Amino acid sequence: MRIGILTKVFTAELVALYRERWEIELAFDEIKNHLGPSGPIRSRTPEGVRQELWAYLAVHHAIRRFAHTAALARPAADADRVSYLKCVRIIRRSIPSQLGATTAKLARSLTEAGWEARSRLLPVRRNRDCPRAIKKPSRMARAENPCQRRHGPTRPDGPTTQPRRRRAAAGPVGQR
């Protein structure tokens with residue numbers, strides 16, 4: 001009895017998480033297209049590459065944390081609805097003005113930036129619950145072995161008696 005209840009709870013939680021399966025792809029897109037360099041990584045040593053990648057991940061985390069904090073302001077909204085690109089632009093624009101700022105000014109600036117990030121929320125994302133299916137069966141899946149692909153299906157008493165059709169060789173242009 002108790003196992004059945006746990007199974008139902010686990011299944012419901014798994015279904016809810018399954019809809020979030022593409023979030024990692026969106027995070028890769030955010031880092032690659034909106035945060036990272038437009039070309040290859042600039043570092044030339046393995047340690048420099050590692051340091052640069054960790055820097056991109058740390059900045060991405062900080063921007064996502066800012067978006068999450070902005071989403072939690074009253075009335076709370078889903079953090080997925082706060083635009084990542086808008087947050088990147090807000091932060092890039094506000095960094096030069098923060099030099100030599102006091103703690104009170106930084107707190108006020110962060111609050112205003114959060115309001116700006118929430119000013120136009122993205123539409124609610126659709127539930128990604130499309131079942132997985134083979135869209136186009138491959139020819140490899142139909143054949144049982146490689147010989148059947150070349151010579152056609154075999155019968156228990158031997159190969160088929162019908163000869164394979166061959167394409168006629170094309171002559172010079174206009175003589176078909």
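This is a predicted model: local features need pLDDT of at least 70, side-chain atom pairs count only at pLDDT 80 or more; totals for chains, interfaces and linings use all residues.
At what angle do α4 and α5 pack, and how far apart are their axes?

1. Residues are numbered from 1 along each chain as its sequence is written, and side-chain values use heavy atoms, with hydrogens and water left out.

2. To take the opening question: α4 and α5 pack at about 150 degrees, their axes 10 Å apart. (Helices are DSSP runs of H or I, at least four residues, numbered from the N terminus; axes are lines fitted to C-alpha atoms over the stretch in contact, with angles from 0 to 180 degrees between N-to-C directions.) The two helices are therefore roughly antiparallel, the term for angles over 145 degrees. From α4 come K86, C87, I90 and R93, and from α5 come A113, E116 and A117, with contact meaning heavy atoms within 4.5 Å. By class, 4 of these residues are nonpolar, none polar and 3 charged. (Ala, Val, Leu, Ile, Met, Phe, Trp, Tyr, Cys and Pro count as nonpolar, Asp, Glu, Lys and Arg as charged, and the others, Gly among them, as polar.)

3. Next, look at α3 and α4, whose axes come within 10 Å and cross at roughly 105 degrees. They are therefore roughly perpendicular, a label for 65 to 115 degrees. On the α3 side you will find H60, I63, R64, F66 and A67, facing Y84, C87, V88 and I91 of α4. This contact has 7 nonpolar, 1 polar and 1 charged residues.

4. The pair α2 and α3 packs at about 105 degrees, with axes 11 Å apart. Here A27, E30, I31 and L35 of α2 meet Y56, L57, V59, H60, I63 and R64 of α3. The classes are 7 nonpolar, 1 polar and 2 charged.

5. Now for the largest nonpolar core, which has 16 residues. (Such a core is a set of buried Ala, Val, Leu, Ile, Met, Phe, Trp, Tyr and Cys residues joined through side-chain atoms within 4.5 Å; buried means under 20% relative accessible area with a 1.4 Å probe, protein chains only.) Those with the most contacts inside it are L35, I63, F66, V82, Y84, C87 and A117. Two or more residues each come from α2 (23–35), α3 (46–72), α4 (84–94) and α5 (103–117), and α3 gives the largest share, 6 residues.

6. Finally, F66 deserves a look: leaving aside neighbours within four places in sequence, F66 is in contact with C87, I91, L110, A113, G114 and A117.

Terms used: Buried means under 20% relative accessible area, exposed over 50%, partly exposed in between (1.4 Å probe, protein chains only). Angles under 35 degrees count as roughly parallel, over 145 as roughly antiparallel, 65 to 115 as roughly perpendicular and the rest as oblique.
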